[in-house]
Amino acid sequence: MKLESGDMKEFKADMHIHTCLSPCADLEMSPRNIIKEAKKKGLDIIGICDHNSAENFPAMEKSANIEGIKAIGGIEITSREEVHILGLFGNERDLFFMQEAVYSNLHGVNDEERYGLQVVVNENDEVLGFNNKLLIGATEMSVEEVVDLIHKFNGIAIASHIDREGFSIIANLGFIPEGLKLDALEIIEPSKRDKINTGKDFVFITSSDAHLINDIGKRYSCFLMKESTFEEIRKCLCKENGREVII
Amino acid sequence: MKTLDHKKPSKTQELTYELKVEQVMRKNVTTLKPDSTMKDVRRILRNNKISGIPVVADDRLVGIVTIEDFIICLLEGGEIDGKVENRMTKNVVTVYSDEPIVQVVGKFEKSGYGRFPVVDRDNKKLVGIITKGDIIEGLLKKLEIDYQKEEIHTYRASHIFEDVISDNSTLILKYRIKGGEFKKAGEQTSKLRKSLLRLGFLPETIRRVAIATFEAEMNIVIFTPEGELVAKIQPDKIMVNAIDSGPGIPDVKKAMRQGYSTAPDWVRELGFGAGMGLPNIKNYSDEMTLESKVNEGTNLNFVIYTKKK
Amino acid sequence: MKIRDIVKTLGLKVISGEKFLDIEVTGGYAGDLLSDALANSKKGNIWITLQIHQNIIAVASSKELSGIIIVNGRKPEEETLKKAKEEKIPVMISNLLTYEVAGRLYEIGIR
């Protein structure tokens, strides 16, 4: 561990948390409940990444601000190979531009009884409506197109749970395609990272992929950086000036 | 309905593009048969407090009989037991259930009729009847629903574009359109409109984009085999490119005139193509260019700024 | 049996490797998880998949598969086609679904 710069701190970050907007997530995953749990677990930064949508981010951000937690807006995008890619964004404009790009490549209507409710809420946990898109479906975009779009909207692209047996880039595509400009890889079991052949030297993060309240923060990454901002996270993933991710 | 206010379409105007006849028409229509009598006409007009009754044979509309027909029958000393088919208006002007309201408004204006029977485009069966009153009622209901919805959206998204001076990221949305698919006409515009709404653009901006894009989409549906709409969205402006592989416009100047149309008769009979809508696009956009080559296609570009320049 | 015979019997559209249709096919593998294809396909197998990503070519090449049948009429990405040509891998398209393609292959003796 390098701690050469005195002005750097460790931030506990769980960058992959679902809300009640994801059909597979528990309905208890509301802004207030999530923030309460994040606070309890001592998280400084949380990433809100619902499947193919970001409609609950405004509410999450407001709730997080009240408790002094930094919320980063994201989307867990399903590529047409059914690979999950996290796109994290620095502001709502980029986030919602990305959401529209995803929506225009996502077809089908949700069946609430089969797949679950997709609840859009405000920061007071009040229901604003239900998203009727098939959010668990796959988009028509290839992994390359997804990563390029994330970068076009100034975002950070992270391959989700690469050590899972499904919806992961390694399970679905065998290996990480050469030249794919991922900014980091998310791993569920950090201890086994050396056993995975990733082709080149990627930065790893670990996060909870929480669909249930109790799971929030059960895995997290420590970002060694100056402050809890999106730009600092970007620099941290590039290991700029001694910044680093500790998992 | 009054003519277009330059660059400031009202919410109602926008809705006339979005609402379809079937959403505002009256279903459960009381009908008569050709061999019903004028006595039946009197009974129904009185009991149902209506002013016109469609006449139907084998599910097909064969005429319409109105309060005027009944009065004329009395004035001429006609028989009250006489058959409806001798007094009804044949060759009835009808509208299709999937037509946008804006087309029907135009038909009311031109024809001077008080009501149109509504028929299904595919099987030509009578499915309803529409009056100006129904349109107004339908618009008011929709206005109320949309108002509530938009309030939520404004609350959630309006801050997205605050404090944005200039930005390099552009959101590009593409929509493919097949020519001749009248039933789907307007669907792509509706998708773009929903995207803009979610992104938090001002309702007035969205309205201008929606009307101009709708006209462009209709032109592709009516006149061309296929085309594409590409919307480039930036915080300060929305650019739309409509490109088609169609026959092209021989005389662009003429096409820019209000009411000018090269739509063939069969298209007009479908309720479309009263004008090419190009003057509308020009009206509602801040910049517009049109290039067209006969036998090659048309390339239409328009820009709408989100804030006053 | 040669790829050429399979192409003829199943009415496949050949989009790459036209010159290599005389490769002998020894058995088949069907599946869309490339990690599983890497683990369980065998040399000479013909691979039935709906994946169109360029990685299918790398997998087919490293496992020395005889060819790839893409199902459901899907068209491979440009990059995939380019790689297929480089690696000399026959790629065919079928309008049938995986189950039917596998069934027909089994029927004609690819086991």
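**Entry 1: bridges between the domains of chain B.** I am working from a predicted model, and I began with the salt bridges. Between domain 1 of chain B and domain 2 of chain B I found three salt bridges. I looked at the one that joins the side chains of E14(B) and R193(B), with N to O at 2.7 Å.

**Entry 2: who builds the domain 1 side?** I asked which helices each supply at least two residues of the side of domain 1 of chain B that touches domain 2 of chain B. They are α1 (11-18) and α5 (101-111) of chain B. The largest share, five residues, comes from α1(B). Sorting that side by class, I get 10 charged, three nonpolar and two polar residues.

**Entry 3: the extent of the domain contact.** I went back to the assignment for chain B, which places domain 1 at 11-135 and domain 2 at 164-305. Their centres, taken over C-alpha atoms, are 33 Å apart. In the contact I find 15 residues of domain 1 of chain B and 18 residues of domain 2 of chain B. The two domains bury about 1400 Å² between them, and carbon and sulfur atoms give 48% of that area. Which three residues supply more than any other three of the area domain 1 buries here? I noted E14(B), Y17(B) and R121(B), with 40%. E14(B) was already on my page, as the partner of R193(B) in a salt bridge.

**Entry 4: chain A against chain C.** Next I moved to the contact between chains, where chain A gives 14 residues and chain C gives 14 residues. About 1000 Å² is buried between chain A and chain C, 50% of it on carbon and sulfur atoms. On the chain A side, R80(A), L173(A) and F175(A) lose the most area, together 41% of what that side buries.

Entry 5: I count one salt bridge between chain A and chain C. Here the side chains of R80(A) and E77(C) meet, N to O at 2.8 Å. On the chain A side, α5 (143-152) and α6 (169-173) each supply at least two residues. The most come from α6(A), with four residues. My tally by class for this side of chain A is seven nonpolar, four charged and three polar residues.

Conventions:
Residues are numbered from 1 along each chain as its sequence is written. Chains are lettered from A and ligands numbered from 1 in the order in which they are written. This is a predicted model: local features need pLDDT of at least 70, side-chain atom pairs count only at pLDDT 80 or more; totals for chains, interfaces and linings use all residues. Side-chain values use heavy atoms; hydrogens and water are left out. Domain bounds come from an automatic or database domain assignment. Contact means heavy atoms within 4.5 Å. Buried area is the accessible area (1.4 Å probe) that two parts lose on being put together, summed over both. A salt bridge is a side-chain nitrogen of Lys or Arg within 4 Å of a carboxyl oxygen of Asp or Glu. Ala, Val, Leu, Ile, Met, Phe, Trp, Tyr, Cys and Pro count as nonpolar, Asp, Glu, Lys and Arg as charged, and the others, Gly among them, as polar.
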